[in-house]
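Here's a quick briefing to read with the model open in your viewer. Have a look at the fold, then go through the points below.

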Amino acid sequence: MATNIIVSYDNTENDRDALALGRRLRDAGANVSLAYVRHIQLEAADREALEESDAQSLLAEGAELLGDTDVPRHVVIDASTGEGLLALAEREGADLVVFGSDYRTATGSVQPGNSARRMLDGGRTAVAIAPAGFRDNTTDLATIGFIPSAGDSSAEDTARSLAARTGAVVIRDDSRTPDLLVVGSRPEARDGHVLISAAAEYAIETSGCPVVVVPHARALTFAPTPAPTQTQTRVN
């Protein structure tokens with residue numbers, strides 16, 4: 001089964017970084033959708049309709065940048081972006097939510113914003129964070145690193161599954177910066193929940209590459225594309 005991911009998108013530059021990472025994961029076999037969180041529902045029907053239309057237009061622009069105008073899109077209304085995305089992820093059965101870095105982050109650095117941090121603290125969905133400026137990065141995912149959690153192979157299993165789809169090499173050499181880093185949750189985290197240590201947080205913020213944090217005891221699977229079956233006719 002393919003990994004289902006939601007890209008948090010609000011048309012900021014850093015969320016375009018998230019789109020770029022979402023595109024890489026889509027090309028590795030993941031199913032992608034876009035989400036935008038509005039923070040209030042207006043009482044006046046005409047103003048509410050306008051706000052909803054603007055939100056849909058914003059996501060349509062994101063779909064164009066993603067290169068897939070048919071990508072599923074979600075407009076969520078919640079006072080908290082993080083809580084709204086958590087609820088959406090659970091409702092849609094998403095495996096991973098992709099964020100850009102905080103808006104103040106220097107180019108090439110990774111800094112989780114408030115919404116990502118909310119999901120990193122006990123959420124039940126894997127979290128990916130793109131470095132600032134990743135939208136301009138054209139480098140292939142040639143190397144994938146991982147930081148395991150004691151007694152839990154989820155980070156390594158995720159790294160190897162993604163590497164198998166992209167042709168990347170899995171590395172454990174801390175002196176090399178990988179093209180993507182997979183981080184496991186703390187050993188004391190409940191199964192299926194995300195919880196990172198201070199050391200893992202430091203590794204994320206100094207990684208300089210996209211980061212995927214997986215829940216405890218729940219690896220992401222990037223399933224291989226099924227081989228086409230031979231048929232006598234082709235139906236369009």
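Predicted model: local features only at pLDDT ≥ 70, side-chain atom pairs only at ≥ 80, totals over all residues.

Residues are numbered from 1 along each chain as its sequence is written, and side-chain values use heavy atoms, with hydrogens and water left out.

**Helix α3**

- Helices (H or I, at least four residues) and strands (E, at least two) are DSSP runs, numbered from the N terminus.
- The 12 residues of α3 (residues 81-92) should span 16 Å at 1.5 Å a residue, and the end C-alpha atoms are 16 Å apart, so the two agree; the expected span is 1.5 Å times one less than the number of residues.
- G82, G84, L85, L86, L88 and A89 are the buried residues of α3, where buried means under 20% relative accessible area, exposed over 50%, and partly exposed in between (1.4 Å probe, protein chains only).
- Their cover includes strands β1 (4-8), β2 (31-38), β3 (73-77) and β4 (96-100), plus helix α4 (114-120).
- Just after the helix, G93 takes a positive phi of about 70°.

**The sheet**

- Nine strands make an open sheet with mixed pairing, in the order β3-β2-β1-β4-β5-β9-β8-β6-β7; two strands pair if DSSP finds at least two bridges between them.
- At the edges sit β3 and β7 (169-171), each pairing on one side only.
- Ignoring direction, neighbouring strands are turned by 25° against each other on average.
- β5 (residues 126-130) and β9 (residues 211-213) pair in the antiparallel sense over 3 bridges, with V127 partnering V213 of β9.
- Helix α1 (residues 13-27) lies across β1, β2, β4, β5 and β8 (180-183), running at about 140° to β4; axes are lines fitted to C-alpha atoms, for helices over the stretch in contact, and angles run from 0 to 180 degrees between N-to-C directions.
- Helix α2 (residues 45-66) packs on the sheet too, touching β2 and β3, and its direction makes about 150° with that of β2.

**Around β8**

- β8 is covered on both faces: L180 and V182 are buried on one side, L181 and V183 on the other.
- Strand β6 (residues 143-147) runs parallel to β8, joined by 4 bridges, and F146 stands opposite V182.
- β8 also pairs with β9, in the parallel sense over 3 bridges; here V182 has V212 as its bridge partner.
- β8, helix α6 (residues 198-205) and β9 make a right-handed β-α-β unit (with the strands pointing away from the viewer, the path from the first strand over the helix to the second runs clockwise).

- β6, α5 and β7 make a right-handed β-α-β unit, and β6 pairs with β7 in the parallel sense over 3 bridges.
- A159 is found in α5 (residues 154-166) and counts as buried because its relative accessibility is 0%.
- Not counting residues up to four places away in sequence, A159 touches I144, G145, F146, V170 and V182, where contact means heavy atoms within 4.5 Å.
- A159 and G145 are 14 residues apart in sequence and 6.9 Å apart in space, C-alpha to C-alpha.
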